[in-house]
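Subject: Structure handover

Hello,

Here is the structure I said I would pass on. My notes on it follow below.

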Amino acid sequence: MWIRKRRGWELKESALTPESVFGNRRRFLAGAAGAIFAPALLACEKKAAAEGDATPDPSTGLYPVQRNPRYALDRDMTAEGDATSYNNYYEFGTSKDVVAAAQALPIRPWAITIDGMVGKPQTIAIDDLLKQMPLEERAYRHRCVEAWSMAVPWSGFPLSALVALAEPQAGAKFVRFESFMNTQAAPGQTDPLYPWPYVEGLTLAEATNELAFIATGIYGKPLPKQNGAPFRLAVPWKYGFKSAKGIQRITFTDIEPTGLWQLLQSSEYGFYANVNPAFPHPRWSQESERLLGSGERVPTQIFNGYGEFVAGLYPDLNDRNYFY
Ligand SMILES: Nc1nc2c(c(=O)[nH]1)N[C@H]1C(S)=C(S)[C@@H](COP(=O)(O)O)O[C@H]1N2
Ligand SMILES: [Mo]
């Protein structure tokens, strides 16, 4: 069995095993096509890593920020080394080992464009935005749809503060998050099997729920590139793929946004994707999860344990549409 105690230095090796038990995320894609593109991708990844962008992060001095005690954990915090070395970031490759490749992404200058159905459309530089936002730390659980999980201290601000800045129009019902597009830095984005850029969406009610958080830091420091620097979502009651990384554009709309995973395989990845152990993924159970680091398996909770905050958003807990 692959459930055993793992130490930090063993992570790279252990990272290869667990998801193969459930089947690779992209196994639904034609196996032959995947095999053809994989070697080209590896060569690109190495090149990008070698060219890495080493500009110091100008937001370093902002952290650490005060922890908000309202959001309690039911488990130990994941070790920093585990949360920052086992990542999903398909722009930089399909393995969990994207740290080196992700360093090629330039994260300054970086602007966030707010557009669509808003009273205050604007493009704002990340460091100007950080000065205006109420920064705090929140310890949140994170549950990947692949059934691994972690608990991390994000730094950042409530998404509702950014929604307020945008002044959504009365007809706006959804918020669409679009991540960066940079085929020079991100070799995964040259893989034609994926409909880049990465897109995700929330209803406006979800976006203004107190739990919805924009993370700009983690472990009292600016976000590392592999964790989505400089600006990502953290919506801990949903499967991890909803928490888009490397966001550059936020659009308010009356049309339900279609995420990248949903576009790829709508029978497996839907719009809501709220965590629920009672609804299995078509190819694996969601009843339990593997903690990054210890490898311990624990039961998965509905809404990832955040039901007290968000259950009211979803009128029918038996409706599968809310849970994939
Ligand atoms: N842009 C982008 N955002 C993304 C992903 C991605 O591939 N690209 N992967 C998602 C998935 S599946 C998960 S589990 C989390 C992983 O975040 P982490 O690497 O910081 O743990 O990011 C999510 N956001
Ligand atoms: Mo994920």
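Which residues are closest to ligand 1? Please keep in mind that this is a predicted model. The closest are Tyr 90, Glu 91, Arg 232, Ser 243 and Lys 245, out of 20 residues that surround ligand 1. By class, that shell is made up of eight nonpolar, eight polar and four charged residues.

In the side chain of Lys 245, an N or O atom is 2.5 Å from an oxygen atom of ligand 1. For Arg 232, the distance from an N or O atom of the side chain to an oxygen atom of ligand 1 is 2.6 Å. Asn 88 takes part through its backbone: a polar backbone atom there is 3.4 Å from an oxygen atom of the ligand. On its own, ligand 1 has 530 Å² of accessible area, and the protein covers 100% of it. The space that ligand 1 takes up is the largest cavity.

Next, the strands. E1 covers residues 111-116 and E2 covers residues 122-125; the two pair in the antiparallel sense, over four bridges.

- Trp 196 and Pro 197 are joined by a cis peptide bond, with omega about 0°. Pro 197 is in the loop that lies between strand E5 (174-179) and strand E6 (199-203).
- A cis peptide bond also runs from Ala 229 to Pro 230, where omega is near 0°. The loop that holds Pro 230 is between strand E8 (221-222) and strand E9 (232-234). Arg 232, whose side chain has an N or O atom 2.6 Å from an oxygen atom of ligand 1, falls within the range of E9 (232-234).
- Ala 147 is not a glycine, yet its phi is positive, at about 80°. Ala 147 is in the loop between strand E3 (136-143) and strand E4 (148-158).

Regards

How values were computed
Residues numbered from 1 in each chain as written. Chains lettered and ligands numbered in written order. Predicted model: local features only at pLDDT ≥ 70, side-chain atom pairs only at ≥ 80, totals over all residues. Heavy atoms only, no water. Near = heavy atom within 4 Å. Polar contact = N/O pair within 3.5 Å; in protein donor to acceptor, adjacent residues only side chain to side chain. Areas by Shrake-Rupley, 256 points an atom, 1.4 Å probe, with all protein chains shown as cover. 1 Å grid on protein atoms, 1.4 Å probe; cavity = no way out; pocket = protein on both sides within 12 Å on 5 of 7 lines; lining within 4 Å. Sits in = over half its atoms within 2 Å of the grid points. Nonpolar A, V, L, I, M, F, W, Y, C, P; charged D, E, K, R; others polar. Pairing = 2+ DSSP bridges.
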